[in-house]
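Let's take a walk through this model together, one stop at a time.

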Amino acid sequence: MKSRGEGVWSIVALIVADLLFANVALLLSHYFRFVSGAFGYEELHPLRSYVGIGVLQTIILPAVFAAHQMYRPRRAVSRLDEIWGIFTCYSITTVLVMVASAFLWRDFGPSRLLVALLWVIGIVL
């Protein structure tokens, strides 16, 4: 049987992994949108323009996942339920990050395609 300390560290590891993958998704979506040449653009947004979105995502993502009890150990959960939970939580996180960024930085509008790429890549990762 696991001790309580081991359970806490596994939850911390999950949160760290989620944050790492969420920020990797932001980097990849910026790369695919602006650097790779796969999609045309009229105005190049430098990566530093999206640092605030990364910070917001780092704050909001664990809160949303915890509110939906994604970090609670559960038994006999199907993969489909787990995937649905990830889809739901990451979708809510993306919407909340975009709403918060619209209020905080009114002069900067993120690329809609980058937001869509961020959403898809974040769910896949």
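Start at Thr94, which counts as buried because its relative accessible area is 9%; buried here means under 20% relative accessible area, exposed means over 50%, and partly exposed is in between, all with a 1.4 Å probe and protein chains only. Thr94 sits in helix α3, where helices (H or I, at least four residues) and strands (E, at least two) are DSSP runs, numbered from the N terminus. Leaving out residues up to four places away in sequence, Thr94 touches Val115 and Trp119, with contact taken as heavy atoms within 4.5 Å.

Before going further, some ground rules. This is a predicted model, in which local features need pLDDT of at least 70 and side-chain atom pairs count only at pLDDT 80 or more, while totals for chains, interfaces and linings use all residues. Residues are numbered from 1 along each chain as its sequence is written, and side-chain values use heavy atoms, with hydrogens and water left out.

How confident is the predictor? The mean pLDDT of the protein is 89, and 96% of its residues reach 70 or more; pLDDT is the predictor's confidence in each residue, from 0 to 100. Confidence is lowest in α1, at a mean of 90, and highest in α2, at 94.

Now zoom out. The protein has four helices and zero strands, so if you read the elements from the N terminus on, you get α-α-α-α. The C-alpha trace spans about 55 × 30 × 20 Å along its principal axes. Of the 125 residues in the protein, 30% are buried. Take the contacts between residues at least 6 apart in sequence: 77% of them join residues at least 24 apart.

Back to α3, the helix that holds Thr94. With 26 residues at 1.5 Å each, α3 should span 38 Å, and its end C-alpha atoms are 37 Å apart, which agrees; the expected span is 1.5 Å times one less than the number of residues. Leu104 and Gly37 are 67 residues apart in sequence, and their C-alpha atoms are 30 Å apart in space.

Over in α2 you'll find Pro62. Is Pro62 buried or exposed? At 16% relative accessibility, Pro62 counts as buried. Setting aside neighbours within four places in sequence, Pro62 is in contact with Ile15, Leu19, Gln57 and Tyr71. Gly40 is 22 residues from Pro62 along the chain, and 33 Å separates their C-alpha atoms.

The loops have a couple of stops as well. Pro46 lies in the loop between α1 and α2 and is partly exposed, with a relative accessible area of 31%. Pro46 and His30 are 16 residues apart in sequence, with 8.6 Å from C-alpha to C-alpha. In the loop between α2 and α3 there is Gln69, whose phi is near 55 degrees, a positive value in a residue other than glycine. Gln69 counts as partly exposed, at 40% relative accessibility.

Last stop: the largest pocket, with a volume of about 460 Å³. On a 1 Å grid over the protein atoms alone, a pocket is an open set of points with protein on both sides within 12 Å along at least five of seven lines, and lining residues have an atom within 4 Å of a point. Grid points are joined across faces, edges and corners, and the volume is the space filled by probe spheres (1.4 Å) set on the points.

Which residues lie nearest the centre of the largest pocket? Among its 22 lining residues, those are Leu14, Asp18, Phe65, Glu82 and Ile86. The elements giving two or more residues to this lining are α1 (4–35), α2 (51–67), α3 (79–104) and α4 (112–124). The largest share, six residues, comes from α1. By class, the lining has 16 nonpolar, two polar and four charged residues, where Ala, Val, Leu, Ile, Met, Phe, Trp, Tyr, Cys and Pro count as nonpolar, Asp, Glu, Lys and Arg as charged, and the others, Gly among them, as polar.
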